[in-house]
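Please look at the sequence and the model below first.

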Amino acid sequence: MPKVKTPFLILAVIVTLIILLSPAPAGLSREGQAALAVFAICFILWTTGALPLSVTSLLAIALLPLFGALDAGQAFALFGNRAVFFILGAFILAAAMMSSGLSARVALFFLKRFEKSPKRLLSGIILSCAFMAMWMPAHAVAALMFPIVLEIASALKLEPRFSNYGKAIFLCMAWGCVIGGVATLLGGARNPLAIALLREKYNLAIGFTGWMYAVFPIPLVLVLAVHLFIFRFFAPEIDNVKPARELIESKVRDLGPMSVTEKKVLVIMLGTIGAWIGLGDRVGLAPIGILGASTLFVVQALTWSDVERYVNWGVILMYGGAIALAAALEITGAAKWIVTYVLGFVELSPFVLISFVALISIALTEAMSNAAVVALVLPIAFELGDSVPGVSPIIMVFSVALPAGLAFSLPIGTPPNAIAYSARYHRIRDSVKVGVLLNLTAIGVFLLVARFYWPRIGIY
Amino acid sequence: MSKVMLILSPTRHNPKSVDLAFSLVRKTKRSLVAVFIVDTKVSDAISGRIVDIGFLGDRVSTQLKNAILSDYETRGKRELHEVSERARELGVECETVIGRGDFVEESLRIASENKVEDIIVSRAERSNISRKIFGSAVNQLLERSPCPVMVVNDSSVENHEETNAHTS
């Protein structure tokens, strides 16, 4: 049973009541004040984890009409946002990859090609995690890779907490997943969430290919940076990975030839990705995702009980609620009020604004769910962007969603970090030492991309 | 023969605590109960996080939890085997036990079952403020243990600080 943190719940209630019962400040409507109260309660609960994330989202949906921020019809209609169904389709496709064994085969396929030396094996772990996190949720990749990496550590007789190589393999697993997760719309649900908020406010969209094209330099550089930092700070103390090689080879042998179900899943997955790339802009991402997911059932590659075992339905509540909250902040003028009356005294140039938003997002994501960061920060970032000439809302989407996905330092930041830390092969100070350097590198690369690359491809 | 209990766990292993345990049992001519606690709190927290933040189903979280627990257990067997071998070399009577569950509850249960007279445990370096805010299982053990507990602070290998053992 998840722990309920009562003091934080009481704090959330007190803060909400103070906001609700105070006289409306200048420039803020009663509806805006109500939206702000829901924003405050969600901020506290998402940051502290006092309630499960999805329950906080559900609470937001109930409180928005209850406090008078939105009418009930409007609030519940936002649950049906197309981004929620895109995310649902992506999770079902990922469930098929896991239940059929295809994801494990792809992971081992990669590792087998990098098993020659300690450094190459580390590269294999980074690249396999990053590649797979481009096509399925990064958390799922970390959960899938973790037992394999544990067995490798055990086969190599690495000493927990003292072996540099032991630290390196788990950090490479986590960071590979984190980096891959920003590269496409499938790696992290925060990316489609950000696009949904963009569409709600501006009726603009970023397609599947458009996203990859815009962000690809960032994961590319970060993969290189992870190699550099890992080899520099956790130089392998071993020079032979023969036991790991034997383990990987025996696992590949145990898998045997590809099953019919794996082949079906592979074809449907490739077809769906192809359709997202080729038809996504015209047809929309959600219908393609749902069609791909449905086809898995038609060809009997997946059963409903498989889906229930691999997908937690809280995902719908989480993203539906997050979209409703963000929309309420925009519709009621609460986000505009925060920017005008709370942050209005600061005059920012476009570049400083982008840096500021990216820094806030990367700092927050080390302490809270990255989807929550997008839901809380992006509506305000949109208003900030509108107040500075020359900043497009699309830039704001990237300025929040990309840094929000790049949590490298703390186990609490993102599930891949938490999963890696649970093995106890590294200490928090190990991940912080190099993670902060990766955070800084990520911000640096992001700003260089924003300054020099995006203007060249038409993103201003 | 009276007994000294040495507690190890995935997060609480310090060679100095093992040295201290052997030094004490040899000096006082007692027997050693070496215990490795497979702390399920960690694996429960991680699998809960996978469900709560990762939105993955029970199957994934259960597989993950089992992988963590199985690794901890393998590690425990290895560490206890090392202690047992060392006891044999030194001619010390030694019994080994693997406990699975909450660190404090399991430690107290095994201590009570074996009627131990002293407990030795190590812990990671942390500030007292951090222990107060985030809690400390070793502090709970100190409060609830019916027998004296020696705590070996886990000075890191890097800074070579001296072991700070004290009796509570």
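## A:M173 and its contacts

Apart from neighbours within four places in sequence, A:M173 is in contact with A:I125, A:C129, A:A142, A:M145, A:F146, A:V149 and A:A420. Two residues are in contact if their C-beta atoms, placed from the backbone, lie within 7 Å.

This is a predicted model, in which local features need pLDDT of at least 70 and side-chain atom pairs count only at pLDDT 80 or more, while totals for chains, interfaces and linings use all residues. Residues are numbered from 1 along each chain as its sequence is written, and chains are lettered from A and ligands numbered from 1 in the order in which they are written.

## The largest nonpolar core

A:M173 is also one of the four residues, with A:V38, A:L193 and A:Y319, that touch the most other members of the largest nonpolar core, which has 232 residues. Such a core is a set of buried Ala, Val, Leu, Ile, Met, Phe, Trp, Tyr and Cys residues joined through C-beta atoms within 7 Å. A residue is buried if 20 or more other C-beta atoms lie within 10 Å of its own, exposed if 12 or fewer, and partly exposed in between, with C-beta atoms placed from the backbone.

Helix α5 (residues 82-100) of chain A supplies the largest share of this core, 15 residues. Helices (H or I, at least four residues) and strands (E, at least two) are DSSP runs, numbered from the N terminus.

## Where the chains meet

The contact between the chains takes 29 residues from chain A and 25 residues from chain B. On the side of chain A that touches chain B, two or more residues each come from α8 (138-155), α16 (304-310), α17 (314-331) and α22 (415-422) of chain A. The most, seven residues, come from α8(A).

## Chain B

Chain B has six helices and six strands, in the order β-α-β-α-α-β-α-β-α-α-β-β along the sequence. Of its 168 residues, 42% count as buried.

Strand β1 (residues 3-8) of chain B pairs with β4(B) in the parallel sense over four bridges; strands pair if DSSP finds at least two bridges between them. In this pairing, B:L6 stands opposite B:I120 in β4(B). Strand β4 (residues 118-124) of chain B is mostly covered, with six of its seven residues buried.
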